[in-house]
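Thanks for coming. I have one structure to go through today, and I will take it piece by piece.

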Amino acid sequence: MASSSTSVVVSNKEKENKNTKKVTLKSSDGESFEVDESVAMESQTIKHIIEDGCANNEIPLPNVTSGILSRVIEYCKKHKEAAGESEPSVTSYTSNSTTNPLTEWDTEFVKVDQNTLFDLILAANYLDIKGLLDLTCKTVADMMKGKTPQEIRETFHIKNDYTPEEEAEVRKENQWAFE
Amino acid sequence: MEENTLDLLSSLPDEILGRIISFLPSESALQTSFLSTRWASLWNTVLVQHGTTEAAVTAISEFLTHFDELNPLRQPRRLQYHFGKGSANILLATIAANNKLHMELSTGKQEFQKQFDWQLGLNHQSLTDQPSSSSFFVKTLFLKSVGFQSKEAVSSIVSNFQFLESLKIIECNGLQTLEIDSSPRLKSLTIFDCPQLKSLFIRSLKLRSFRYRGLLPRLLTENHFNLKDAMLDFRQGPCDNSFGSNDFDPSLLTIKNAEILTLCKWTFEFYRLKELWWIDNSSEGYNSDALISFLKLCPALEQLFVTVDTKSYSMPITTTYSKKVARHSKLEHLKVVKLVGFTNEEDELLLAVHLTKLAVKELLIIATADGICLRSLVKVHLYQPKLNQTHVKYTHNYKFVEENGDINELCVNHAHMGL
C-alpha cells in the first residue's frame, strides 16, 4: 500500500480541505497529469465520468494535447482556488470588474497566439468548462469588435468566397436590418 | 515563428461560433454574415411552418417570444409561414437587432395582383404601457409585397404590435388605396414603390418622419402633423392627370418646419398662378432674392403686385449679419454641396461657382455623374503675364478636379439617398 504523501501542490488554503482526492488525466500525446479531483470537476465532462464511476485509473482525453491540457488545468486550479476563498470582500469570480484580480489573471491567461486560443476553445467545449469557454469566446469576439468585415477576414485569414454579385445581393437583402 | 495562415475560426463548430457572436454588440453581429458563405449560413436557418390564415398571428407571436436578442443564433431568426388556400401564401418573417421585424409576402405562382384597398389599423394602446424587458417587441416593421390575399393576415399581426414606432411599406403591387389608422406611438412612416397607389389617408397625431417614393397619390391627412424629416420623391409624376386638386395643399403645411427634406421641383410649381400679390418686409434696403426665386416657380404668371410693408412680420434672424445690406443674400450656414447627374459640365460649373459666391463659409463642392467618380471644386490660380493694361476678364477661375479619396471621407450622402 503506497503511502499517499501530502502532495506539494497543496496550497496553504487547501490545508483546511482534508479531502485531497486525486485523479489522473491523460492527454492525447500520452502525458499524465495528476490533479485534485475537485479541480478536475470544474469540467462537467470529467465530473460525469467520475460520478458514473468510470474513472478508475486515468481519464483519457484523446481530444486534448498536453500543452493545452496543462493550461486548462492551470485555469481550473486558479478558479477553484478563488471560489474556495469566498471572502466577503471578493466579488463573484464571474464578474467583469477590472479591479477583480481574477479578471486580470484571466486577461493574461488568454494572451496567446490564435492556434492556442482556438485549441483552448475546443478543449473547453469538449471538457464542458463554461467559464473557460465564455472567456475564450469573448476574447475572440473582442478581436472582432469594431472591425469591418474585411478587417476581420484579415485578422483570422478568412477567405471571402462570395462572388461580387452574391456579396451585393446579401448586402441588399440585409440593408433593412442596418438602417 | 510559424506564420499562421489557416482560417481556424471558421472551422469551429456552429454552436461555438454562435457563442462568440453572442458576445458581439447586437447591431454588428449580423455583419458577420458578410465574412463568407459559411458565416452567412449560420444566420440563414429558417423555421418552416404551415397553418391557417387565422393562426398566423399566434405563429408570429410565438416566433417573436422565442427569439433571444442576447444570443441571436440560438433560435432561427427567420420564420417561413405557409397559409391560405393550398398553402400558396408564404410569409417570410425575419428578425434583426434593435427590435426590427421584416415581413415579406409571396404567392407561389405569379398571379396578376388584384387591385385592393387596405385599411391598416394600428394599436391604440395608451402611452403609459411599457414593454416588458424580457420579451422581444417590435419597434420597426418592414412590410414588403403585401397583396390582396395576405392583407387580412398581415393586418391582424400588425394590430398586435402595440409598441410600433416605425412602419415601412414597400412594393405592394395592386394596393390601390391605403388608410392608416394610427397610434400615438407611430413616429415614422415610409411608403416606397407601390405602383398602383392612388389614394393615401393618414390618421396620425405624432408623425415626425414621412418618406414617400412613387407616383403622387391623393394625400389625405387628418390632423396636421409637424414633420422633422420629409421625403417627397414624386419624380415619377402624378398618379392621374387631374393633379391640382386641393387635396395636396395640407401636406405643404406639414413640411414647413422640417430639418431634412427631399423635394421635386414640379410639385411646387404654381403652374396655374396668374395673379400674385407678394407682401414683403424690408429692414434695411430691399432684397429681391426671395421674390425672384419664387417667381421662377410661377411659369404662368401674368400679373405681379409687390408691396413692401416695413411693419410686416419677418422671421427673426438667428445669426448676426453685417449692417451693410449685401446685394445678394448669403447662405450663412451652407458648408457642403453635392451635384449629381448634371449632363452639361458648363452648367455644373456655373452653378457651383454661383453657390460659392452665395456662401459665407468655405464651401466644399463635390460633383459626380455616376456616383463613383468624384470631382471637387478648386480655385485655379492663373498666372498671366501682364500683356497690356486692360484686365482680361475671366468668367470663372474655378474648375473641377478628380478626387481619388474615399467617397465616405469626402462627403456624406443625404439621409434619404440610397434608400
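Which residue is the bridge partner of I180(B) in β10(B)? It is I202(B). Before I go further, please keep in mind that this is a predicted model.

That pair belongs to two strands of chain B. Strand β8 covers residues 175-181 and strand β10 covers residues 199-203, and the two pair in the parallel sense over 5 bridges. They are part of an open sheet of 4 strands in chain B, in the order β5-β8-β10-β12, with parallel pairing. At the edges of this sheet are β5 (116-121) and β12 (218-222) of chain B, each pairing on one side only. On average, neighbouring strands in the sheet are turned by 10° against each other, direction ignored.

Let me stay on β10 for one more residue. S199(B) lies in that strand of chain B. Is S199(B) buried or exposed? Its relative accessible area is 12%, and the cut-off for buried is under 20%, so S199(B) counts as buried. If we leave aside neighbours within four places in sequence, S199(B) is in contact with Q176(B), T177(B) and L178(B), and also with P217(B) and R218(B). Of the strands already named, β8 of chain B spans 175-181, and β12 of chain B spans 218-222.

Next, a pair of helices in chain B. Helix α4 runs over residues 56-66 and helix α5 over residues 151-159; they pack at an angle of about 45°, with their axes 9 Å apart. Angles under 35 degrees would count as roughly parallel and 65 to 115 as roughly perpendicular, and α4(B) and α5(B) are therefore oblique to each other. The crossing in which α4(B) passes α5(B) is right-handed. Which residues make the contact? From α4(B) they are A56(B), V57(B) and I60(B), and from α5(B) they are A153(B), S156(B) and I157(B). By type, the contact of α4(B) with α5(B) has 5 nonpolar residues, 1 polar and no charged.

Now a loop. N257(B) sits between α6 (249-254) and β14 (260-262) of chain B. Where does the loop meet another part of the chain? Not counting residues up to four places away in sequence, N257(B) touches N226(B) and L227(B). The C-alpha atom of N257(B) is also separated by 6.5 Å from that of K228(B), and these two residues are 29 apart along the chain.

Some totals for chain B as a whole. The chain has 10 helices and 20 strands. Of its 419 residues, 38% are buried. Among contacts in chain B with a separation of 6 or more, 58% come from residues 24 or more positions apart.

Last, chain A. Here 3 strands form an open sheet in the order β2-β1-β3, and the pairing is mixed. Why is one side of β2 (32-36) and of β3 (58-60) in chain A left without a neighbour in the sheet? Both stand at the edges, and each has a single partner strand. The twist from one strand to the next averages 30°. Strand β1 of chain A, residues 22-26, pairs with β2(A) in the antiparallel sense over 5 bridges. Within that pairing, K22(A) stands opposite D36(A) of β2(A).

That is what I have. I will take questions now.

How values were computed:
Residues are numbered from 1 along each chain as its sequence is written. Chains are lettered from A and ligands numbered from 1 in the order in which they are written. This is a predicted model: local features need pLDDT of at least 70, side-chain atom pairs count only at pLDDT 80 or more; totals for chains, interfaces and linings use all residues. Side-chain values use heavy atoms; hydrogens and water are left out. Two strands pair if DSSP finds at least two bridges between them. Axes are lines fitted to C-alpha atoms, for helices over the stretch in contact, and angles run from 0 to 180 degrees between N-to-C directions. Angles under 35 degrees count as roughly parallel, over 145 as roughly antiparallel, 65 to 115 as roughly perpendicular and the rest as oblique. A crossing is left-handed if the near helix is turned anticlockwise from the far one by less than a right angle, and right-handed if clockwise. Contact means heavy atoms within 4.5 Å. Ala, Val, Leu, Ile, Met, Phe, Trp, Tyr, Cys and Pro count as nonpolar, Asp, Glu, Lys and Arg as charged, and the others, Gly among them, as polar. Buried means under 20% relative accessible area, exposed over 50%, partly exposed in between (1.4 Å probe, protein chains only).
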